[in-house]
Amino acid sequence: MRSRTSRTVWLAALAVVAVTTVSASPVIALAPDSDADPVRAAVAAPDIPLANVTGHLTQLQTIANANGGNRAHGRPGYLASVNYAKAQLDAVGYSTAVQSFTYNGATGYNLIADWPAGDPDTVLMTGAHLDSVTAGAGINDNGSGSAAILEVALAVPRSGFTPDKRLRFAWWGAEELGLRGSRYYVDTLPTAERTKIKQYLNFDMVGSPNAGYFVYDGDNSDGVGAGPGPAGSAQIEQTIQAYFTSIGVPTQGTDFDGRSDYGPFIAVGIPAGGTFTGAEGIKSSAQASLWGGTAGRAFDACYHRSCDTITNINDTALDRNADAIAYTVWALAQAATPPGNTVWSDTFESATGWTTNPAGTDTATTGAWERGDPDSTSSSGVTTQLGSTVSGSFDLVTGASAGSSVGTYDIDGGVTTVESPAITLPSTGTLTLSFSWYLAHLRNASSADYLRVRVVASGTVTALSATGAANNRAAAWQTASADISALRGQTVRIVIDAADASSPSLVEAAVDDVKITQS
């Protein structure tokens, strides 16, 4: 968190996280949602292991120890911190970009990581600043926020979560020098990209030793300071409050006073929110009665000092806030189920008449489509086949068994196809096909490898065409939908094909919970 301004209100600053690799293209931002009732996740968020978060903090402390005792802008400890976070994200399938900028004659970096699922035009962004001040390692300020959102990001593929919104995580540089990294990111985003960012969550100092539990006052219900955030900020506040209420922890509001990286986002109308456990402000007697701790003492007596080390963390506050972050991300990333009558659906829990190699033209020698209870497979830390399905125990998968090695039952030799039974579509209304899917591959894949979903009758609607690439892509459930109203009144079949179509490579695919609705 950057230094106190002349304002007297002590703020709740949301966390910012640092970034690596220079990227020529800008990274994306969001537009406001309307205020709504508090959101509760349809798919429950996982518990975030405190040991994993503190493991990241230990790594940041080690980096600071090896680089002059700090992780500040322009210093080697900062770039090493970025590289650490980037390596963790790359290993599980995030698309990462390092954006560089210059301030005070030194190069700074923002690390941006997108999870390759969800609507790319509807982005939920979560950020924290990764830099420290020069005086110390900055483990609470803001290793705590950076480590917490890193572990939440890693929980997405680990849990098999399928967000409806695109999830973007950011670690900001040079926050301590005036929000320089987040300002650069927002200022260089084209307007069209900004409007894709629907909410921004910020977490700055979430493990203060004498902790308070502050939530940014999105609706200005406290009536102090800078006023409400952009429309949609109240929804974020209410969602975070709902989590703390569920665990019996009271919260207080904190003002959007501009001291952390939400500032550039709310300045362009993007709704924001987050949590904060206190900095140099003094805990009152009433707050000590509410939360415990010591009245008359700073929430963090080591704020911006050399003693902000791995020993300067309240594990209980850090654990609660990490879980609150996950709860909020999971809740806000899920869209409401669209209304409509179900015309046809299949969860693959029983056999319903899908046919493999329906035209007799498939060329794949292994990894043919089958309805199965899949085994989990992985290679060098990359999950190539998920053992968990979206619902129940079965899905459509390319070679359900694990075999003696990761490549035993993957797709090899060409194309494998599976076709649904005949489905008669109604002649009226808007018809929508929706389903869950993943395509996974290792670096030996290419753009010739693919997963494709089509609806075929007198015409064809292609609902999905996902291609491979020469990089690691971990298996992770995603959702897709397509308007198939052009085929109203016809008898159709859903045709799914996948291919390892060039040189031999490790390719796996799966589909689950296929549904056609009429609205």
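Helices (H or I, at least four residues) and strands (E, at least two) are DSSP runs, numbered from the N terminus. The legends below describe a predicted model, in which local features need pLDDT of at least 70 and side-chain atom pairs count only at pLDDT 80 or more, while totals for chains, interfaces and linings use all residues. Residues are numbered from 1 along each chain as its sequence is written, and side-chain values use heavy atoms, with hydrogens and water left out.

**View 1. His56 in helix H1.** Helix H1 covers residues 50-66 and includes His56. His56 has a relative accessible area of 5% and is buried (buried means under 20% relative accessible area, exposed over 50%, partly exposed in between, with a 1.4 Å probe and protein chains only). Its side chain makes a polar contact of 2.7 Å with the side chain of Tyr84. A polar contact is a pair of N or O atoms within 3.5 Å; within protein, one must be able to donate a hydrogen and the other to accept it, and residues adjacent in sequence count only if both atoms are side-chain atoms. Beyond four places in sequence, the residues in contact with His56 include Gln88, Ala147 and Leu154 (contact means heavy atoms within 4.5 Å).

**View 2. The open sheet.** Eight strands with mixed pairing make an open sheet, in the order E1-E2-E4-E3-E5-E8-E6-E7. Two strands pair if DSSP finds at least two bridges between them. Strands E1 (95-103) and E7 (252-254) are at the edges with a single partner strand each, so one side of each has no neighbour in the sheet. Eight bridges link strand E3 (residues 119-129) to strand E4 (residues 165-172) in the parallel sense. Among the residues involved, Asp119 has Lys165 in E4 as its bridge partner.

**View 3. The largest nonpolar core.** This core has 85 residues, and Leu89, Met125, Leu167, Trp171, Tyr185 and Phe265 have the most contacts inside it. A nonpolar core is a set of buried Ala, Val, Leu, Ile, Met, Phe, Trp, Tyr and Cys residues joined through side-chain atoms within 4.5 Å. Leaving out residues up to four places away in sequence, Phe265 touches Met125, Trp172, Tyr185, Val186, Ile197, Tyr200 and Ile270.

**View 4. The disulfide.** The structure holds one disulfide, formed by Cys302 and Cys307 with their sulfur atoms 2.1 Å apart (a disulfide is a pair of cysteine sulfur atoms within 2.5 Å). The link of Cys302 and Cys307 is left-handed, with -115° about the S-S bond. Cys302 is buried at 14% relative accessibility, whereas Cys307 is partly exposed at 26%.
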